[in-house]
Amino acid sequence: MKIIGTGSAMPKRTVTNAQLSEFLDTSDEWIVPRTGIKSRQVITDETLQALAIDAAQKALTDSGLKAEEIDFIICSNVANNYVTPALSAFIQEALGCKCPFVDLNGACAGALYALDIADAYISTGRAERILIVAAEEVTKFCDWTQRETSVLFGDGAAAMVVAKDDSPCYTILTGDSRYKEVITYRRKLEKTPFEQEGQAVDQPMIMKGRDVFRMAVLCSQRDIKDLLQKANMKAEDIKFFMLHQANKRIIDAIQEYLGLPEERFPSIIDHTGNCSSASILLLLDEVARSGKLAKGDKLMMSAFGAGFVTAAAIITWGHE
Ligand code: COA
């Protein structure tokens, strides 16, 4: 399986750290050394549906395929204003695809869960070309009076088209629900006459930052090492390590562990913040646009997120 097209779409509003410090007890001096984040794009009057469609359309155009040639649309999304139908329904309609579609919630690792499913479909002959979209509006999960979480996140949508090819795709997925409380975000649904008082809870995102940091570094290092072994490859065989963009210090720790030069670990977090599952596909699209990828390059992707879930993949860049 190989990647044959990418695309992305960002909200137009840029919010700098200095702008956050106008209403939060925080500063650029605190945020940059601890996270690497200088600014993020934040949804204002856009809809996530529109961003997801824009990113998907660009990836489809980039792939050179027609809408009817897509066999499946898998969209990674933690939450958006529509509980149902899925974001992927809007994408199918706007692009004019005729295939089935589904959304999944694999937290910040969702795009790699989608990639794993795509590989299962393609390698068993159930599909030949799959559109993967990751779209997130994480800024809407945060309590904007809480500096601990709100400075970390941004919004965005990105997509890639993967297609059947001789190059194998390798993936690892893990889940450890003992740590499901390290990141939580709870929403009330509609009230019914039957539920007990106090049963439903509205709780903006809460995160145990230090626990997440430690687990992210350890799990990503483990996944990357295990996946290289599974693929019988060396770190030198990988052109770029595209890691979840949650914190530059997490990326740096993984890079130092692997003992590889920083330029093999491209990063966009300085201008995007953490866009949850959209992060890795946003990074992929930005690196692709910069012209640094050549057909046949092997890419390692690795992500972690609420659950606690992790995922890693080695995939071939197949664009001309
Ligand atoms: N601005 C200023 N001060 C802040 C702040 C902010 N935005 N956020 C927290 N602080 C303060 C805390 O209140 C604390 O103050 P205290 O010492 O007076 O109690 C101090 O800074 C240290 O807080 P701490 O949480 O220990 O900082 P940290 O060095 O662990 O960094 C994170 C916090 C969140 C940046 C870091 O833990 C992290 O990035 N974790 C991973 C998060 C992540 O990746 N989440 C996404 C998963 S998909």
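Helix α7 gives the largest share of the shell around the ligand, 4 residues. This is a predicted model, in which local features need pLDDT of at least 70 and side-chain atom pairs count only at pLDDT 80 or more, while totals for chains, interfaces and linings use all residues. Residues are numbered from 1 along each chain as its sequence is written, and side-chain values use heavy atoms, with hydrogens and water left out.

Two or more residues of the shell come from each of α2 (28-35), α6 (147-150), α7 (209-230) and α8 (248-258); helices are DSSP runs (H or I, at least four residues). Of the 23 residues around the ligand, T26, R147, G209, R210 and N247 come nearest. By class, the shell holds 11 nonpolar, 6 polar and 6 charged residues.

Here are some polar contacts (pairs of N or O atoms within 3.5 Å):

| Residue | Protein atom | Ligand atom | Distance |
|---|---|---|---|
| W30 | polar side-chain atom | nitrogen | 3.3 Å |
| G209 | backbone N or O | nitrogen | 2.9 Å |
| N247 | side-chain N or O | oxygen | 2.7 Å |

Taken alone, the ligand exposes 970 Å², and the protein buries 74% of that; accessible areas come from the Shrake-Rupley method with a 1.4 Å probe.

Now for a look at E22. This residue is placed in the loop between α1 (17-20) and α2. E22 counts as exposed because its relative accessibility is 66%, and exposed means over 50% (1.4 Å probe, protein chains only).

Notes. A residue is near a molecule or strand if one of its heavy atoms lies within 4 Å of it. A polar contact is a pair of N or O atoms within 3.5 Å; within protein, one must be able to donate a hydrogen and the other to accept it, and residues adjacent in sequence count only if both atoms are side-chain atoms. Ala, Val, Leu, Ile, Met, Phe, Trp, Tyr, Cys and Pro count as nonpolar, Asp, Glu, Lys and Arg as charged, and the others, Gly among them, as polar. Buried means under 20% relative accessible area, exposed over 50%, partly exposed in between (1.4 Å probe, protein chains only).
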